[in-house]
Amino acid sequence: MEELLEAGIHVITTMNIQHLESLYDLIEGTTGVKVKEKIPDAIVENADFIVNADIEADELIERLKAGKIYKSDRIAAALNNFFTTKT
């Protein structure tokens with residue numbers, strides 16, 4: 001990514017907080033899930049602009065079930081591990 005920035009190419013992306021490296025232990029301890037893809041904190045720290053886009057848990061779960069977040073083979077695992085509501 002640094003090469004892209006040095007070349008003057010702007011990078012726009014989205015991410016879930018469970019992928020932030022500094023939160024790895026907290027996420028694993030809370031959910032029991034080992035996140036495979038981790039993003040170094042420095043990437044976020046060097047961002048010129050960050051937008052926090054958040055939606056209600058029920059809306060997120062509906063989007064997930066509709067296949068708008070993950071492919072169908074990952075939906076069940078996501079519902080069981082990350083996208084849950086407290087009862």
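I9 is partly exposed, with a relative accessible area of 43%; partly exposed here covers the range between buried (under 20%) and exposed (over 50%), worked out with a 1.4 Å probe on protein chains only. This residue sits in the loop between α1 and α2. Helices here are DSSP runs of H or I with at least four residues, strands are runs of E with at least two, and both are numbered from the N terminus. I9 also belongs to a nonpolar surface patch together with L4, L5 and V11, and the four share about 320 Å² of accessible area. To count for a patch, a residue needs over 30% relative accessible area and no salt bridge; like charges are joined within 9 Å, and nonpolar side chains (Val, Leu, Ile, Met, Phe, Trp, Tyr) within 5 Å. The areas come from the Shrake-Rupley method with a 1.4 Å probe, and for residues only the protein chains shown count as cover.

A word on the model itself. The structure is predicted, so to speak of a local feature takes a pLDDT of at least 70 and a side-chain atom pair counts only at pLDDT 80 or more, while totals for chains, interfaces and linings use all residues. Residues are numbered from 1 along each chain as its sequence is written, and side-chain values use heavy atoms, with hydrogens and water left out.

Now for the whole protein. There are five helices and zero strands, and from the N terminus the order simply reads α-α-α-α-α. The radius of gyration is 15 Å, well over the 12 Å that the globule rule gives for 87 residues, so the protein is more spread out than a compact globule. That radius is taken over C-alpha atoms, and the rule is 2.2 Å times the number of residues to the power 0.38. Along its principal axes, the C-alpha trace spans about 45 × 30 × 25 Å. Of the 87 residues, 16% count as buried. The protein exposes about 7,500 Å², with carbon and sulfur atoms supplying 52% of that area. Among contacts (heavy atoms within 4.5 Å) with a separation of 6 or more, 29% are between residues 24 or more positions apart.

Back to the loop between α1 and α2, which also holds Q18. Q18 is buried, at a relative accessible area of 9%. Leaving out residues up to four places away in sequence, Q18 touches I27, V35, Y70 and F82. H19 lies in the loop between α1 (2-6) and α2 (24-31) too, and is buried with a relative accessible area of 16%. With residues up to four places away set aside, H19 touches V35, E37, K38 and I39. A polar atom of the H19 side chain lies 2.7 Å from the backbone oxygen of E37. T14 is another residue of this loop, but at 73% relative accessibility T14 counts as exposed. The C-alpha atoms of T14 and A53 are 9.2 Å apart in space, although the two residues are 39 apart in sequence.

What about charge pairing? Side chains of opposite charge can pair when their charged atoms come close. A search of the whole structure finds one salt bridge, meaning a side-chain nitrogen of Lys or Arg within 4 Å of a carboxyl oxygen of Asp or Glu. E28 forms a salt bridge with K34, and their closest N and O atoms are 3.1 Å apart. E28 is partly exposed, at 22% relative accessible area, whereas K34 is exposed, at 58%.

Neighbours within four places in sequence aside, D41 is in contact with L20, E21 and S22. Helix α4 (residues 57-65) holds L60, which is partly exposed with a relative accessible area of 24%. L60 and A42 are 18 residues apart along the chain, and their C-alpha atoms are separated by 28 Å.

Conventions: A polar contact is a pair of N or O atoms within 3.5 Å; within protein, one must be able to donate a hydrogen and the other to accept it, and residues adjacent in sequence count only if both atoms are side-chain atoms.
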